[in-house]
Structure formats: structure tokens, C-alpha cells
Amino acid sequence: MTRLVRSKIEVEGRMYDHFAIVEGREPQRWQRDAELRIVGKGEPRIDGPDRVTGRAIYTYDVQLPGMLYARVLRSPHPHARIKRIDVSRAAALPGVRVVISHLNAPMIPWTNDTLLFDPVVRFAGDEVAAVAADDEYIAEDAIRLIDVDYDVQPFVVDGEEALHPEAPRVHPTGNLVGGQPKVYERGDVQRGFAEADVVVEDTFQTQAALHNCLEPHGAVALWEGDHLTIWESTQHVYGVREQLAQIFDLPLDKVRAICWYMGGGFGSKQYTGKWSVIAALLARQAQRPVHLMLNRREENLASGYRASTTQRLKLGAKHDGTLTAIDLVATSPIGAYGNHAKAIGMHAQVMYACPNVRTEIRGVFTNVGEARSFRGPGATEGAFPFESLMDVLAERLGMDPVEIRLKNYATTEPSSGQPYSAKHLDECLRKGAEMIGWTGKRKAIRIDGTKRRAIGMACQTWGGGGGPPAFAWVKLNQDGTAEVLLGGQDIGTGTKTVFAQIAAEELGIGLDQVVVNLGDSACGPYAPVSWGSMTVSSVGPAVRQAAADARDQLRELAAEFLNAPFDQVEIRDGGICVRGESQPRMRIGDLTGWIGPFTILGKGGRGPNEPCVAVRTFGAQFAEVEVDTATGEVTVLRMVTVHDIGRVVNPQGAANQAEGAIVQGIGYGLTEQRIIDLQTGIVLNPNLEDYLVPTALDVPAIEHAFVGDPDQHANNLGAKGIGEPALIPTAPAIANAIARALGIRFLSIPITRSKILDAIRAADSSRRAAL
Amino acid sequence: MGAGANPGQHPPEEVARGPGKVPIQLHVNGALYYLEIEPRRTLLDALRLDLHLTGTKRVCNMGQCGACTVLLDGKAIYSCLTLAIECEGCQILTIEGLSDGDNLDPIQRAFIEHDAFQCGFCTPGQIMAVRALLERSTNPPPEEIRRAVSGNLCRCGSYLRIFKAVETAARVYAEQGSGWRQGGNL
């Protein structure tokens with residue numbers, strides 16, 4: 001029986017309505033005390049051998065017969081009109097096969113009423129022309145031989161400046177994205193502040209941060225007649241297929257998108273970019289496959305970043321710490337392309353209970369590349385000011401930071417008023433405080449020469465509950481092994497292993513008897529974007545249903561074969577058993593082999609979400625830092641993170657995700673920032689030497705724990721996501737620890753050495769002045 | 001181990017070669033290859049594009065990330081900063097030379113055991129840097145382990161697991177004595 005069910009899904013702070021097609025019976029939820037053999041165990045990655053031997057083929061590694069290599073010429077100016085392009089010298093270079101620019105490329109519409117190759121360039125790095133040649137070195141030589149005359153236009157790269165009425169316009173419609181701020185309001189903020197005993201407020205800034213996935217964005221395009229195959233380093237195989245089908249006006253079945261292995265995305269690869277369209281255009285014209293991967297500089301100019309923000313935040317509270325009002329006004333420059341600022345207000349809206357909340361978010365166009373989602377988009381930017389100001393408020397009230405957060409604990413989802421499907425943030429706080437030794441260390445700021453130590457903390461909430469549509473198939477091979485097939489992707493998070501665990505659990509076979517084939521739109525059904533920490537919770541339940549379907553088909557056949565009632569036939573450890581008998585009657589492979597060419601194919605889909613329930617993830621994080629007041633160096637000594645993400649399918653993989661998120665959070669809090677020269681509009685550090693991502697020498701001890709209580713209202717697994725949650729509170733936890741250590745509050749991240757030294761000097765001189 | 005010239009030290013009879021493709025010979029993973037490449041071709045590109053050994057990754061292509069690390073006469077080098085033509089006469093070991101089919105090197109096994117990666121794109125470079133470390137020191141202290149991979153960025157942030165994997169691999173190497181060197185096809 002096929003049913004159509006409406007379902008609501010929250011992704012990165014936005015609500016989506018989807019109709020879920022539900023087939024067959026969804027498996028019963030695994031109960032809290034269900035005895036699971038494989039789910040819940042820290043299994044090593046099933047694709048580990050491929051990744052450690054170099055056998056894994058990433059998009060960058062795809063090599064096809066006759067393949068050409070492409071390079072892109074990019075604008076050196078942040079805003080200009082192309083007066084003239086002369087490609088004759090490039091085209092004449094031996095080995096060059098195709099050169100395209102706005103002169104000869106088809107007029108392919110791009111975002112914000114622009115074109116793929118537009119006669120106007122809107123950031124230093126915008127695409128001007130592209131070359132495909134026999135060798136990448138030749139293509140690189142060729143783009144240097146393209147002569148372009150630019151009519152340089154006024155530009156703006158600073159978000160606040162862009163809102164000035166006299167500022168140069170990035171688009172004719174003006175620089176305020178959507179023409180108005182995005183306002184959220186509940187209760188009466190003015191009344192809330194009037195009722196407050198204490199009001200704290202400040203203006204905070206967060207920087208633009210670059211993803212720097214080690215595998216850059218890019219694609220390999222192959223045309224076979226009017227059929228396009230595209231390998232892309234993407235977080236959404238099916239999305240790439242749909243986008244390219246639309247752009248090239250092809251039916252969906254004429255486009256195949258593939259991403260077998262993926263070298264990191266962190267949100268920047270949710271949808272395709274100009275690279276894959278250019279690769280496909282070049283390949284069509286050359287009638288040869290084309291490889292186009294961005295180099296590191298291009299990656300840091302034209303493939304996305306976490307947008308900077310300026311946030312004016314004001315909190316009102318009673319003497320006992322109860323929040324009475326929250327007011328946030330944020331500005332975020334999103335670059336020249338795109339249509340919205342991220343959900344910067346999410347933290348203010350839903351982290352704590354507060355009746356009166358107003359957030360106003362202004363997205364601003366600037367002459368910079370396009371901002372994209374970056375791990376916990378919006379929530380991460382919003383958490384630093386909010387969690388910092390909560391500590392300021394606690395100090396003002398003489399309260400403990402943990403206590404004030406518990407005081408404002410939300411027992412229903414503050415924005416919708418709906419009950420939570422499950423929430424154990426209180427346990428995260430209690431456990432995390434215990435692990436870091438909160439009460440013992442809180443008062444003691446140890447001073448050792450020039451070094452000071454302190455601890456700090458912050459809280460986090462995020463979605464991660466997932467939802468439909470998502471589908472999976474499970475095939476039983478003749479030898480009794482199983483194959484999970486789906487069109488989703490493993491972006492490095494361990495998706496394959498988690499799905500193999502779920503399928504093996506449900507089928508009653510060993511983990512080594514399951515393979516997972518994904519990352520190819522031609523070999524499996526639709527799966528959603530790997531975003532919002534929801535791959536396990538969206539696709540996992542579909543895998544489970546598909547496995548259950550395959551198992552039941554096998555049981556039906558076995559019942560007939562063994563002449564036993566269906567409900568007496570069980571699958572245990574790869575054996576087909578009759579209930580009550582200790583020995584299996586036969587192995588699965590005996591039956592699947594015997595039925596020969598017939599293949600059992602189980603199908604599964606993600607069921608709808610429960611209506612009127614808020615599914616969220618929560619966490620509390622604690623940081624211990626040492627600050628050297630002589631050098632400004634911050635050493636993060638220890639991080640403790642405790643999360644409520646429902647059932648944890650693979651604790652080892654989840655821990656790895658949490659640790660990695662913290663490492664990125666340390667970079668975000670202390671060292672990482674993209675720097676643009678305001679005079680020229682040029683990114684000054686588009687490389688891994690000057691853009692400081694954490695190295696092996698920068699990582700502290702990281703301890704983690706998961707509450708682990710299955711969320712009985714989330715989905716049939718009881719599992720939610722961990723990819724993003726652990727990054728959100730890292731920078732504020734560190735900032736709060738630094739504030740505690742120095743007695744100085746930093747209002748912007750990254751908290752660099754120079755900021756610390758400047759602040760210490762300023763504090764010293766004002767102290768001297770006071771004497 | 002080969003006794004070849006170090007990069008940059010050309011034999012005295014060598015004359016300027018190129019521009020244009022020139023014939024060179026490379027010893028990679030115990031086999032000898034004859035190539036015709038431009039002198040400006042990096043070792044990284046010769047491995048990936050001419051020998052189709054795509055396990056060695058190209059990330060920054062300017063010596064800032066370590067993803068292209070291979071061993072040149074036992075020493076870890078950034079292959080993106082090394083010209084292929086400089087490597088004639090040297091023994092080159094890449095990630096593909098570390099395992100023999102499903103028979104993985106102890107470092108590779110330890111990386112899997114400790115889940116010392118997520119996306120895996122930096123992993124071949126990390127493993128080769130570790131191999132170079134364990135060729136010179138079978139009982140490296142924790143600081144030396146950190147330093148050995150500090151030139152290899154892991155954006156997924158699995159560093160703590162990499163350290164554990166190196167400790168485990170070092171123990172296995174130490175137990176196996178000098179016999180393990182055969183595993184590297186050198």
C-alpha cells in the first residue's frame with residue numbers, strides 16, 4: 001500500500017514541507033532496552049581499507065580516456081565590466097581544445113539575474129573565461145594568454161558600508177538582501193526589558209571563515225551523445241543531477257551524477273556551482289571528457305565561506321536570572337550571489353526559554369564570492385555573542401554560568417511552544433560539569449608566571465531530526481550477502497558504515513556480510529542533501545525499512561520452503577531458523593542460491609515526522625584554557641563535550657565527528673579568518689599558509705560523552721545527528737574561559753594573540769590611569 | 001635503499017633539458033618507469049597523471065598541507081614542491097606501495113582501528129609522513145609523533161586519533177623488527 005503523508009522538516013533553521021510517499025509497513029521503533037548486536041557498537045569504517053590505501057576514487061582522481069583538463073580565468077577586480085576579451089593567443093596554443101567566455105558561451109542564467117559567464121564581474125575571483133586543454137599545464141598557460149580589458153567599477157566589500165545609501169550597488173535592486181530585514185518576534189520585547197531588573201548589551205563580531213575542504217570543489221564531465229555523466233565532489237548527488245538537467249534542458253534520466261568518495265564538504269558542497277556547468281560546456285564542445293577541479297586559491301575565493309556577522313545583542317533578566325527579553329539585530333554580508341543570510345537568530349530564538357524575543361537579520365550583498373552554509377550555519381555565528389553575553393549576565397547577577405543556563409531551561413520548544421520529542425540538556429550540563437571539574441576549578445584562576453588558566457562553558461541546540469523524502473534498497477545476493485543501494489553520499493562522516501550496521505542489524509547477519517553502494521544516481525534511489533546533521537536520521541530509517549522488507553521476503557520464501565508458518569521463521573546470525581529450535585535449518589545463502597536468478601530486493605522509505613513535536617539535538621561544552629599574558633598565546637588544554645543526539649548508532653564515528661567539530665571550532669574561535677583588503681577588495685590569504693586552520697600541534701585533549709537515550713519520537717531508529725552540534729558551542733566556551741582567565745571580555749572572534757595583547761595593554765593603561 | 005642523488009644535485013655530465021618533453025626514468029614502489037614529461041612537471045603530477053597513481057593527493061599544490069607527501073629515499077617530501085626530473089635515480093615510495101593487495105601495512109591497519117580519518121583525503125599523506133617517522137624512530141615519544149604529522153593538515157580534525165594510530169603502529173613496527181621494511185617494496 002502506498003500512502004502520501006505530509007511532513008515538516010527543519011533544516012539549518014528553516015522549515016520545509018514535504019510530502020512523504022510511504023510504502024509498506026515501517027518497522028517498529030527499537031525500544032530503549034532493545035538488545036542490538038551491531039547498532040550501538042563502535043565499528044571501524046567498512047570503507048577504511050579503500051581510504052588508507054589510496055584505492056578510493058575521489059572526484060579529483062577520476063581519469064577517463066581522452067580526458068582534457070580545464071582552468072578558469074578569474075577577475076582580478078572586485079567589480080568591473082568586461083570591455084573586451086581576446087582569446088586568440090590562448091586558442092592558438094598547441095594542445096588547447098576549447099576556450100569559452102561570455103562571447104561564445106550559451107546564455108545560461110545564474111543566480112541574482114546574472115549569467116554563468118556574465119559581462120559584469122562582481123568579485124575578485126568571478127569567472128571570466130575557461131580553457132580545456134590536453135594537459136593542465138597547457139590550460140594554465142592558456143588562461144594567462146587571454147587578454148581582457150576591464151572597465152573597473154566602484155565596489156563594496158564591507159557589510160556595514162554596503163548598507164550606506166551612497167554605497168556602490170552590487171545588484172541594481174540594492175544591497176539589502178530581499179529588500180528588507182528578516183524579522184522574528186514573539187511576545188513584547190519592550191515590555192520584557194521594562195520588566196527586567198538587569199539589562200546587558202553589546203555589539204559582537206564574527207569573522208568570515210573558509211571551509212578549506214581538502215578536496216576542492218570541482219567536477220569531471222562526460223557526454224555520451226545527449227547523456228551527461230558528471231562526477232562531482234558534492235553533498236547531494238541527486239541535487240547535482242537535477243540542477244544540471246535543468247541547466248542543460250535534459251530529462252532527468254539523461255543525467256547521471258556520481259560521488260563515490262568525497263574529501264570534505266562542511267556545508268560548502270550542498271549544491272553545484274559554476275565549475276560543473278563549465279566542465280560540461282567544455283566537454284560538450286570538445287566532445288571529450290573534461291576535468292575541472294578548483295585550485296586552493298580559487299577554492300578560497302569562489303566556493304563559499306561562513307559569512308561574517310555584526311550582532312547587536314541585548315538581554316534583560318530578573319534578579320534570579322530569568323530572562324525577560326532578548327533583542328538581536330544582526331548584519332551579515334553574503335557576497336554577490338545567493339538569496340539569504342543564515343539563521344543567525346536561531347540561538348536567540350530557541351536556546352533558552354524567554355517569552356519576549358525579537359531578532360532582525362539583515363543579509364547584505366557585497367563584492368565578494370558567495371557565502372555558503374558552513375557546519376551549523378547561523379547557529380554557530382549566533383552562539384558566540386549569545387553565550388558570551390549570558391556569562392556577562394551571570395557575572396552581573398553573581399550567578400554561576402551553568403546555573404543561569406539551567407534557570408532558563410526550555411521545557412517546550414520556545415518558538416513553537418511544541419513539546420520536545422526528547423531533551424536531556426540538563427544531563428549534558430551535569431555530566432559535562434562533572435567531567436571538567438566545574439565546581440572545583442571554577443573559582444581558581446591559577447597564575448603561573450605570565451600564564452593564567454580558567455574554564456568556561458557554552459550550550460548548544462540544533463536540529464538533526466531529519467525527515468522525508470529519503471529512500472533505500474537492500475538487495476540479497478545469491479551467496480547470502482547483502483547490498484545496500486542508495487543515491488546518497490558519504491561525505492566523510494562514516495555514513496556507509498552506519499547504514500551497513502543498520503542493515504546488518506535488521507537482516508540478522510554480520511556486518512562483514514553487508515556492502516553499501518552509494519554516491520551514484522544511477523545505482524540507487526533518492527537521498528537528500530547531506531546537511532543539517534540529518535543523514536542518519538533521514539536516510540537511516542529508510543535503510544532499516546528496506547532491510548526489514550528484504551528480510552521478510554526471505555522469511556516468506558523460507559516459510560514455504562520449510563513448510564513452516566511465516567511468523568515462526570527467524571533470521572539469526574545469517575541462519576534461517578524456526579522459532580524454538582537452537583540450530584538453523586539452513587544458511588541464508590542456501591536459500592538465496594537456490595532461488596537462483598531471482599533477486600530479493602527490499603525497499604524502504606523515510607516515514608513522516610510526528611506532527612506537533614519539536615525534534616532537536618542538544619549539547620553542553622566546557623573548555624579549559626591557558627593564556628600567556630606575555631605573548632597573547634592561548635593554549636586550549638582540554639575540551640569536554642556532552643551531547644544528546646538520541647541513540648548513537650556508531651559511537652566511534654560519532655566521537656570522531658564531535659572531536660573534529662571541536663578542532664574546527666578552535667580554529668573559528670582563535671585563528672581562522674579570511675582577510676579582505678578594503679582598499680582593493682582582494683582576499684589576502686586564500687591559502688593554507690596564511691589562513692590558519694588548526695594543525696596537529698593545536699589540538700587539546702578532548703573528552704566526550706553521549707546521553708545515548710533513544711529519541712522515541714524522532715524516527716524508527718531513535719537516532720539524531722552529531723555532525724554540526726559539537727562545533728556550535730566551541731568558540732563561546734573558549735571565549736568564556738579566556739574572559740574568566742584575564743578578566744577581559746572579547747567581543748569579536750577570532751581571539752587572536754594581537755587582540756589579547758592589545759586588550760591587556762589597554763587594561764593595564766586604564767588601571768594606571770585610575771591610579 | 002637506493003643511493004640516488006638528492007633533488008637538486010644533478011650528475012655533473014647533466015646538461016640543461018627541456019623545454020618540451022624529455023625522457024626520464026623513475027623508480028616508484030620498486031618498479032622502474034620510463035616517462036616523457038616536461039621538466040617543469042612536479043613529482044606529484046607525474047605520479048598522478050602519468051603513472052595514474054592517484055592515491056597521492058593534490059590539495060594546495062604549494063607545500064602548505066602535506067597531502068602529497070611521499071617518501072624519496074626514505075625521507076618524507078612534499079611531491080608538489082619536487083620536480084619529477086629531480087627524482088631520477090631515487091627510490092620513490094607512495095601510498096600504493098605500502099600495501100600488497102589486502103595485506104595492509106601496520107600503519108594502515110592502525111589508522112582503520114583508531115578511526116584516524118573521516119573523509120580520508122589527507123590520509124595517504126599522513127600515513128606516508130608516519131612511515132618516514134617510523135623508518136627513523138621505532139619508539140617515538142608523543143611530541144615527536146605530533147611534530148611528524150604537524151605538516152599534514154586534517155580539516156576533519158581527526159588528529160588525536162592519528163596520534164593513537166601512530167603509537168599502535170610504532171609498537172607493531174618495533175615488534176616486527178627490521179622485517180617490516182620488506183612490506184614497502186623497497
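The tour goes from domains to contacts, then to a core, a helix and a hairpin.

**Before you start**

This is a predicted model: local features need pLDDT of at least 70, side-chain atom pairs count only at pLDDT 80 or more, and totals for chains, interfaces and linings use all residues. Residues are numbered from 1 along each chain as its sequence is written, while chains are lettered from A and ligands numbered from 1 in the order in which they are written.

**Stop 1: the domains of chain A**

Colour chain A by domain. Select 2–35 + 466–605 for domain 1, 174–208 + 308–417 for domain 2, and 418–465 + 609–771 for domain 3. These bounds come from an automatic or database domain assignment.

Now show domains 2 and 3 of chain A. Their C-alpha centres are 18 Å apart. Domain 2 of chain A puts 30 residues into the contact, and domain 3 of chain A puts in 34. Two residues are in contact if their C-beta atoms, placed from the backbone, lie within 7 Å.

On the domain 2 side, pick β12 (198–206), α10 (379–397) and α11 (401–407) of chain A; each gives two or more residues. Helices (H or I, at least four residues) and strands (E, at least two) are DSSP runs, numbered from the N terminus. The largest share, 8 residues, comes from α10(A).

**Stop 2: where chain B meets chain A**

Show both chains. Chain B brings 42 residues to the contact and chain A brings 44. On chain B, select α2 (106–113), α3 (123–136) and α5 (159–176), which each supply at least two residues. Which helix gives the most to this side of chain B? It is α2(B), with 4 residues.

Colour this side of chain B by class: 20 residues are nonpolar, 13 polar and 9 charged. Here Ala, Val, Leu, Ile, Met, Phe, Trp, Tyr, Cys and Pro count as nonpolar, Asp, Glu, Lys and Arg as charged, and the others, Gly among them, as polar.

**Stop 3: helix α3 of chain B**

Stay on α3(B). Of its 14 residues, 11 are buried (20 or more other C-beta atoms within 10 Å of the residue's own, with C-beta atoms placed from the backbone). Among them are B:Ile127, B:Met128 and B:Val130. What covers the buried residues includes α1 (48–53) of chain A, along with β3 (69–72) and β4 (75–78) of chain B.

At 1.5 Å a residue, α3(B) should span 20 Å, and its end C-alpha atoms are 20 Å apart, which agrees. The expected span is 1.5 Å times one less than the number of residues.

**Stop 4: the nonpolar core**

Select A:Ala70, A:Ala279, A:Val484, A:Ala503 and A:Ile738. They have the most contacts inside the largest nonpolar core, which has 288 residues. Such a core is a set of buried Ala, Val, Leu, Ile, Met, Phe, Trp, Tyr and Cys residues joined through C-beta atoms within 7 Å. Zoom in on A:Ala70: the residues it touches include A:Ala130, A:Ile278 and A:Leu292.

**Stop 5: a hairpin in chain A**

Finish on strand β25 (residues 569–572) of chain A. Strands pair if DSSP finds at least two bridges between them. A:Val578 in β26(A) stands opposite A:Val569. The two strands form a hairpin with 2 residues between them, and A:Asp573 in the turn has a positive phi of about 45°.

How values were computed: A residue is buried if 20 or more other C-beta atoms lie within 10 Å of its own, exposed if 12 or fewer, and partly exposed in between; C-beta atoms are placed from the backbone. Lists of a residue's contacts leave out its neighbours within four places in sequence.
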